[in-house]
Amino acid sequence: MKNIKISFLFALLLTQVGVFAQTAKQVRIINNFDNDWSFIQQDVPGAEKTDFDVSKWRKLNVPHDWSIEGTYDKTNLTARGGGYLPSGIGWYRKVFKLDESLAAKKVTIEFDGVMANSEVWINGFHLGKRPYGYISFHYDLSKHLHFGNGKTNVIAVKADNTVQPASRYYTGAGIYRHVRLVATDLVHLVDWGVFITTPDATAQKAMVKVETSVSNESGKAAQVMLETSVVDENGKVIKTTQARQNIEANKSAKIAQNIVVANPKLWNLETPALYKTFTKVIVGGKVIDDQINVFGIRSFHFDAATGFWLNGKNFKLKGACLHHDGGAVGAAVPLSVWEFRLNRLKEAGVNAIRTAHNPVAPEFLDLCDRMGFLVMDETFDTWTSAKNNGEKGYNRFWKEWWEQDTKDMVLRDRNHPSIVIYSVGNEIHDDLNSPEGFKKYKDQQDLIHLLDPSRPVTMALFRPANSKVYTNGFAETMDVVGQNYRENELVALHNQKPNLKVIGTENTHVIQQYLALRDNPFMAGQFLWTGFDYLGEADWPQITNGQGLFDRIGSWKQQSLQRQSWWFDQPVVHIVRKEDNAGAGDWINNWTPTDFDTYDDAKVAVYSNCDDVELFLNGKSLGSKPKPADDSPRLWDVTFEKGSIKAIGKNKGKEVATEELKTAGAPAKIILSVDKNKIGNHWDEVAFVMAKVYDEQGNICPNADHLIKFTISGPAVIDALDNGNIASHEMYKAQQRHAYRGVVMANIKGSGVGNIEIKATADGLEGGSIKLMVEK
């Protein structure tokens, strides 16, 4: 989170709830504005007025998604797209005080995202409306505030999601991302006004180009000294440069500075080194504004013949699409959830993320920067034409808002080294075989090139044979041609027009699509649909789309096990079998049938990147098989026996990987495990406790569906429970949940500092417990 990362330079003075003031050490003041809101989930006329009575409203902190707290119902207006969760209107209000010293400052409120059709008031004054729930935005509060002498201010926010169906996938509802209050001098750095590029970057030398926009909102001209320092990951100042600029009253200026860095650490996937710029605005020898921006030094390009290059290295973008929900937490996603998910994707060999199909929270991109993921940053799912199951979505607002929303996304995101390409649309239904369609795309592409000339622009084309975009000249206008599915069409396009750069923007898990990437050097990459199961876009009684590499709680699935054998660099071997007899059902990763009496003909597949794989049933070899040329799985017909099935992978005759599955007995006990032993007492920090049902011998019981009850002692709360079942209608905000495939996951958050203990029990099973520590 931006304000946490810069706290070592800009300490936040929190003298009391809702109060912040300037001290001698502070210049730009950035205050976390997440806490102490009042909320009501209904429309209340007059709630924007300062004297409105909110004594009966709920007290909470944001980020907050009230839709995920609701109950699943087939009659909910969100319907298939929104996952059958509630919609409507929610109001938020917050009372705060401002020190008299801030009266001469510019005070701004920054929202990372409000879902949706948000309206904001300060002290009864209407600041504006933003329909797009995914966009970050801010308002200048300065002219409408009260300062000092115990005076209070009231911020009111209305989020309106009544018009449905508004999306083809789950959106959430409310102030679901972070909020900040920022105070600056009247001569200040423009919001998102520092733009950093590295046009020349090698291991020997890099040119860091910094363009900085400074605004003078005072009543007189200002002689500004702009000082920019490049700081390495250890906090050492590498080089500082200064530039002078006279800025007239109520005018802005853009100042360009170039800084040479010798022997830089290049940002890449293996060692994603990050630098910072520390920018100061100095007037009359005094620092009056300052800001830190994170960036990476790297070079990249897309090539028509050879695909993608980063720092002179040619490799494939092995990508996954991600929607913005975090499963049980809905749209209000703590950073720990994304870290958990990105780590899981990295284990499957994924190195790139497509933000499908909207701007993401800024801290998500920070995380991609730190973890070494490449990113396709996407703007919209629709332009003016509606889509099924989301007919009343952003298509109603695109004409009026696309330019502002695109501008805000690009300006906010353009310093992230992880971002290597922008996408301006997903499967757009507007007519692209017309001058109007050409213009819509070109206007967006031109705007992005103006704001950020350092990156190419694409879009996820939809059924190009029908839209004629491969024959009418549209594809030639694109920086990189992106297409969803139908890989053979994209390959054929490039073979006909080899000067075009191409990338798969959305792809399934089948081997034909994998081979289209593997066997064609010109294919820059592909993005699988999807990295994780996501809420919505499912038909009742299902409430989650189940096409992910992983389910909502990160459990491995057939497609992720197979993808790891294709994309992971280390030796891999995984066993799957058909769930039902004689090849029926899904592929699953266990050796415990649901019905032993009717299961005898087991179809077994082994996913592996090893040269040879030998399969054993209860210690008896069933033969060894070499790796097929197309990397397809190795198949066996096995007469089922209780016990053990084991696969051993070998390279050059040496055992390098193994997996063994055992038949589980009767469920006997719950064992808890956790991904970390300590968590901080912060909204974005979560510990993930897995409660798994085992038999007496320690084998997980994949068919167990016991109702598992959780209790917690100490300064922490159970934030959510989930089991990954795409048809479960159980509440996430609960203390109990049925196991699915023998597992329930609990999200644990700190509520103080100290030791905590989580216990899990179920009828007929021995309970389990685990201890954690919550730190400051």
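**Figure 1. Helices α3 and α4 form a right-handed crossing.** In this predicted model, local features need pLDDT of at least 70, side-chain atom pairs count only at pLDDT 80 or more, and totals for chains, interfaces and linings use all residues. Residues are numbered from 1 along each chain as its sequence is written, and side-chain values use heavy atoms, with hydrogens and water left out. Helices (H or I, at least four residues) and strands (E, at least two) are DSSP runs, numbered from the N terminus. A crossing is right-handed if the near helix is turned clockwise from the far one by less than a right angle, and left-handed if anticlockwise. The axes of α3 (residues 335-347) and α4 (residues 362-371) come within 10 Å and cross at roughly 40 degrees. Therefore α3 is oblique to α4; angles under 35 degrees count as roughly parallel, over 145 as roughly antiparallel, 65 to 115 as roughly perpendicular and the rest as oblique. Axes are lines fitted to C-alpha atoms, for helices over the stretch in contact, and angles run from 0 to 180 degrees between N-to-C directions. The contact (heavy atoms within 4.5 Å) involves Leu335, Trp338, Glu339, Leu342, Asn343 and Lys346 of α3, together with Glu363, Phe364, Leu367, Cys368, Arg370 and Met371 of α4.

**Figure 2. Helices α9 and α10 are roughly parallel to each other.** The axes of α9 (residues 511-518) and α10 (residues 558-567) cross at roughly 20 degrees and come within 12 Å. The crossing of α9 and α10 is right-handed. On α9, Ile511, Tyr514 and Leu517 meet Arg563, Trp566 and Trp567 of α10.

**Figure 3. Asparagine 590 is buried in the loop between β33 and β34.** This loop lies between β33 (587-588) and β34 (601-608). Asparagine 590 has 12% relative accessibility; buried means under 20% relative accessible area, exposed over 50%, and partly exposed in between (1.4 Å probe, protein chains only). The side chain of asparagine 590 reaches the backbone nitrogen of threonine 592 at 3.0 Å. Not counting residues up to four places away in sequence, asparagine 590 touches Arg577, Leu661 and Pro702.

**Figure 4. Serine 55 is exposed.** Serine 55 is placed in the loop between β3 (37-40) and β4 (58-60), and its relative accessible area is 53%. The side chains of serine 55 and aspartate 53 are joined by a polar contact of 2.9 Å. A polar contact is a pair of N or O atoms within 3.5 Å; within protein, one must be able to donate a hydrogen and the other to accept it, and residues adjacent in sequence count only if both atoms are side-chain atoms.
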